[in-house]
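I opened this model to look up a handful of residues and the packing around them. My entries are below, in the order I made them.

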Amino acid sequence: MSEKKKVISVMIPTYNEEENARPIYEAVRDEIRKDCPDYDYEILFIDNKSQDRTRRIITDICAQDPKVKAIFNSKNFGQFNSPYYGMIHTTGDCTITICADFQDPVEMIPKFVAEWEKGYKIVIGKKTTSQENPVMYFLRDCYYKAIKKMSNVEMIEQFTGFGLYDKSFIQTLRDLHDPTPFLRGIVAELGPERKEIEYTQPKRRAGKTHNNWYSLFDAAMLSFTSYTKIGMRMAEFFGFFCAAVSFILGLVFLVAKLIHWNTFAAGYAPMIIAVFFVGGVQLTFLGFLGEYIMAMNARIMDRPLVVEEKRLNFESETPESDVVRAQ
C-alpha cells in the first residue's frame with residue numbers, strides 16, 4: 001500500500017473580502033497542486049461576520065470542493081481571536097496562515113513546506129520591504145523595533161503571523177487557553193526553533209484594508225501589556241524623579257524666600273506649570289495602568305475566543321464545543 005500523504009492545512013481569515021475570497025482559494029489550491037503534488041490539503045476559511053457577499057461565496061466554494069471548510073462567527077471577534085480560533089481547528093500535519101488580500105504571497109507556500117520537511121516546526125515570513133504606504137511601513141518598523149527593545153521576550157520584527165506551524169505547535173496553541181491571544185508574541189515566547197524567510201509584501205489585490213489607527217493601536221497595546229513591564233516601570237521611575245525634583249525645588253524656593261523675604265516673588269507661574277505638568281504625567285500613566293488592567297480583566301472574565309454561528313464541511317456539523325474557552 002502507498003504511504004498516506006501528509007496534509008497541509010491552509011487557514012484564511014476573512015472579513016468583507018468578497019472580491020478576494022474565490023481568487024485566494026483558487027490561488028492556494030493551484031499553488032499546492034502545482035508545487036506540492038505529494039501532499040494532500042485542506043483549506044479553512046474563518047469569517048468574522050462579513051457584511052458583504054463573502055459568506056455566500058465561501059458557501060458556494062464549500063459546496064463545490066469538499067476539501068474546503070468554513071467557520072462563520074456569530075459576531076466580529078477581532079483581528080486576533082478569529083485567526084487564532086481558525087488555526088486551532090485545522091487538522092493537517094502543518095498549518096499555514098495566509099491573508100485573503102494577497103499581501104501574503106501564495107508562492108511562499110512551497111518554500112515553507114520545504115523548510116518544514118528539513119525539521120523546522122515553525123517557518124515564518126518576514127517582511128523586508130513592502131509596497132504598502134511607505135509612511136505606514138515606517139511606523140510599523142518603528143513599532144516593531146520599540147516593542148523588541150522593551151519586551152522581556154525577543155520579539156520578531158516585521159512578522160505578521162504569516163507562516164507555517166507544525167501540528168505540535170498547533171497543539172500548544174490549543175492547550176494555551178488564552179482568551180486574548182497575540183500570536184506574534186506566542187511564537188516568539190513559546191515557539192521552538194524557527195526558520196525565517198524574507199519576502200516583499202505586495203499591495204492589497206482588491207478591496208479596502210480594515211485596519212485603521214484604532215485597530216493598530218489596539219494591537220500595539222495588546223503586545224505592550226502582554227510582553228512588557230516598561231509602562232509601569234516608567235511610571236515608578238518618573239514618579240520618583242518628579243518627587244525628588246519637586247522636593248529640591250521646594251527647598252530652593254523656601255531658602256530663597258527666607259533669605260530675600262521682601263524682594264523674592266515667584267508668583268503663581270511656577271506653581272501652575274508644575275501642576276499641569278504633573279497632572280499630565282499622572283493621566284498618561286493612569287492610561288498605561290488602565291491598559292494593563294483591561295488586559296487582566298479580559299483574561300479574568302474567561303470569555304470564549306469565538307462563538308460559532310455555522311460551520312461547513314466538517315465531519316460533524318455540531319462540534320463537541322462551540323467555543324474554546326480559557327481555563
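**Ground rules.** I am reading a predicted model, where local features need pLDDT of at least 70, side-chain atom pairs count only at pLDDT 80 or more, and totals for chains, interfaces and linings use all residues. Residues are numbered from 1 along each chain as its sequence is written, and side-chain values use heavy atoms, with hydrogens and water left out.

Buried here means under 20% relative accessible area, exposed over 50%, and partly exposed in between (1.4 Å probe, protein chains only). Helices (H or I, at least four residues) and strands (E, at least two) are DSSP runs, numbered from the N terminus.

**Phe45.** I listed its contacts (heavy atoms within 4.5 Å). Beyond four places in sequence, Phe45 meets Ile12, Thr14, Ala21, Ile24, Tyr25, Ile58, Val68, Lys69, Ala70 and Ile71.

**Asn73.** I placed Asn73 in strand S3. Its relative accessible area is 0%, so Asn73 is buried. Its side chain is joined to that of Ser82 by a polar contact of 3.0 Å. A polar contact is a pair of N or O atoms within 3.5 Å; within protein, one must be able to donate a hydrogen and the other to accept it, and residues adjacent in sequence count only if both atoms are side-chain atoms. Leaving aside neighbours within four places, Asn73 also has Ile46, Arg55 and Glu309 among its contacts.

**Thr54.** I found Thr54 in helix H2. Thr54 counts as buried because its relative accessibility is 0%. Its side chain makes a polar contact of 2.6 Å with the side chain of Asp52. Contacts beyond four places in sequence are Thr14, Asn16, Glu17, Glu18, Ala21 and Asp47.

**Lys5.** Lys5 sits in the segment before S1. At 45% relative accessibility, Lys5 is partly exposed. I checked Tyr39 next: 34 residues along the chain from Lys5, with 5.3 Å between the C-alpha atoms. A polar atom of the Lys5 side chain lies 3.3 Å from the backbone oxygen of Pro37.

**Tyr15.** I traced Tyr15 to the loop between strand S1 (7-14) and helix H1 (21-35). Tyr15 is partly exposed, at 26% relative accessible area.

**Helix H7.** I counted burial across residues 183-190. Of the 8 residues of H7, 6 are buried, so the helix is largely enclosed by the rest of the structure. The buried ones are Leu183, Arg184, Gly185, Ile186, Val187 and Ala188.

**Helix H9.** I looked up Leu258, which belongs to helix H9 (residues 230-259). Leu258 counts as exposed, at 56% relative accessibility.
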